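Please look through the sequence and the structure shown here before reading on. The paragraphs that follow lead from one part to the next.

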Amino acid sequence: MSTEPMSAKFKPYTRQSIVNARQWQWMRPQLQEAVQVVSHVLPFRTNEYVMDQLIDWNNIPDDPIYRLVFPHRDMLHAAEYEQLRELVLHKKDAAATARLVHAIRMRMNPHPAGQMTHNVPRVNDAPLRGLQHKYKETVLFFPSAGQTCHAYCTFCFRWPQFVGMDDMKFDARETGELVAYLKTHTGVTDVLITGGDPLIMNTRSLAEFIEPLLAPELAHIQNIRIGTKSVAYWPQRFVSDKDADDLMRLFERVVAAGKNLAIMGHYSHAVELRSAIARQAVKRIVSTGATLRMQGPLIRHINEDPRSWAELWSTGVRLGAIPYYMFVERDTGPSEYFALPLARAHEIFQAAYQMVSGLSRTVRGPSMSAFPGKVVIDGVVTINGEKLFALQFLQARNPDWVRKPFFAKYDASATWLDHLKPAFGKDKFFFESEAGHDDAAHAPGAPSARVIPISAALRAGSA
Ligand code: SF4
């Protein structure tokens, strides 16, 4: 970690510009090659703060933040890597490279958990671009200007949008359709503004998306959440950026309007809360009356050590943040490289949970954001001599499923919900018995749900 003074101006690095970073010379040729090759498939972007303050260059490539942002050759299958390396570095054949890159991306399940087919609200059978409505009370909103990040995580499940797979991209240019949709969906209490990272936007642009949500007609919107990794990748956003004070005033306006403003801070490792500026960012956020919840996925090679989670949660609590979720890595992108068996994920969560005080035990996990909902692994139990996973939904497409315990056969190698088999000789889980009509009936805005004519919705929006 450098002690050199760092410019306060945000400075990103991409595949093209990383060769100009002084740290590039500290990377062995094989590591440099992996960045140049693998970044054709997966997005690569880092920044000066991450490079200078978060990565321990004496410990690469095993340093957790290096693993978090720098592509590694094992993220591709060995044969894919060799083929791509040949095309990129030797044949320099752009058309053949594009074909291979596309084939590898399609293998990587670019679109997990039915996001495009089941979660996008439709009006007059046309999808509302930039909105997702999976759970009854929460709408996700993807502003177009917030669809990049201060750095890209190598495991990110939103990777397709960063590499320009446009038909899989969510974005909205303004809030008109969102406001219209919310006015006609009074059961919605929460709006999650997400990306990418909405805090990549300047405060003025962000305010244009947030302020319409404070209108009296949207009194049913109680909670405005902003999903962000800036707290870790660019805490200057809250402290020293030229409009950081304006951002704090915007947060205060949301709170003064009677809303709960929840900053959903994505943290991956304890090191992200060790710098003075990252701690100051937490303090400034909570001083506005906003809450800061900490969440992040459990990733092999990055945060398998329960002590890192325990330090992260307890430091966060001390600064005023609230531990919220430990997620299971999704089944997309280089998931074979990052996935941990569910059994191991549970052990890590339990060990970390046992290390912290009750105030940090607001955290839930390990939780899978799977197609039917958020499923948490509560434990491993033996019933009538059968070793089982005890599970429950924390959130579900059908609200009736939430907090109903259910059981799956223990499987030491399973890494995702659909690898699990029901316990007690059953051939389906209880939520699958509704298959065929469950998702159609319960996915808000799905074709079989109530359809609002867009013109009427927009008239309501301007009323
Ligand atoms: S910051 Fe969030 S959206 Fe951006 S790359 Fe990382 S996980 Fe993905």
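At what angle do helix α14 and helix α16 pack? In this model, which is predicted, helix α14 (residues 306–319) and helix α16 (residues 342–355) pack at an angle of about 45°, and their axes are 8 Å apart. Angles under 35 degrees count as roughly parallel and those from 65 to 115 as roughly perpendicular; α14 and α16 are therefore oblique to each other. The crossing in which α14 passes α16 is right-handed. On the side of α14 the contact is made by P306, R307, W309 and A310, and on the side of α16 by I348, A351, A352 and M355. Sorted by class, the residues of this contact of α14 with α16 comprise seven that are nonpolar, none that is polar and one that is charged.

The sheet can be followed next. It is an open sheet of 11 strands with mixed pairing, and its strands come in the order β5-β6-β7-β8-β9-β10-β11-β12-β13-β14-β15. At the edges lie β5 (131–135) and β15 (406–409), each of which pairs on one side only. On average, and with direction ignored, neighbouring strands of this sheet are turned by 30° against each other. Strand β5 is joined by three bridges to strand β6 (residues 138–141), and the two run antiparallel; one example is Q132, whose bridge partner in β6 is L140.

The residues that make the contact are T203, L206, A207 and I210 of α9, together with D246, L247, L250 and V254 of α12. By class, the contact of α9 with α12 divides into six nonpolar residues, one polar residue and one charged residue.

Which residues surround the ligand? They are C149, Y152, C153, C156, R158, G195, G196, D197, K229 and H266. Taken by class, the shell around the ligand holds four nonpolar, three polar and three charged residues.

Terms used
Residues numbered from 1 in each chain as written. Predicted model: local features only at pLDDT ≥ 70, side-chain atom pairs only at ≥ 80, totals over all residues. Axes fitted to C-alpha atoms, helices over the stretch in contact; angles between N-to-C directions. Helix = DSSP H or I, 4+ residues; strand = E, 2+ residues; numbered from the N terminus. Parallel < 35°, antiparallel > 145°, perpendicular 65-115°, else oblique. Left-handed = near helix turned anticlockwise from the far one by under 90°. Contact = placed C-beta atoms within 7 Å. Nonpolar A, V, L, I, M, F, W, Y, C, P; charged D, E, K, R; others polar. Near = placed C-beta within 6 Å. Pairing = 2+ DSSP bridges.
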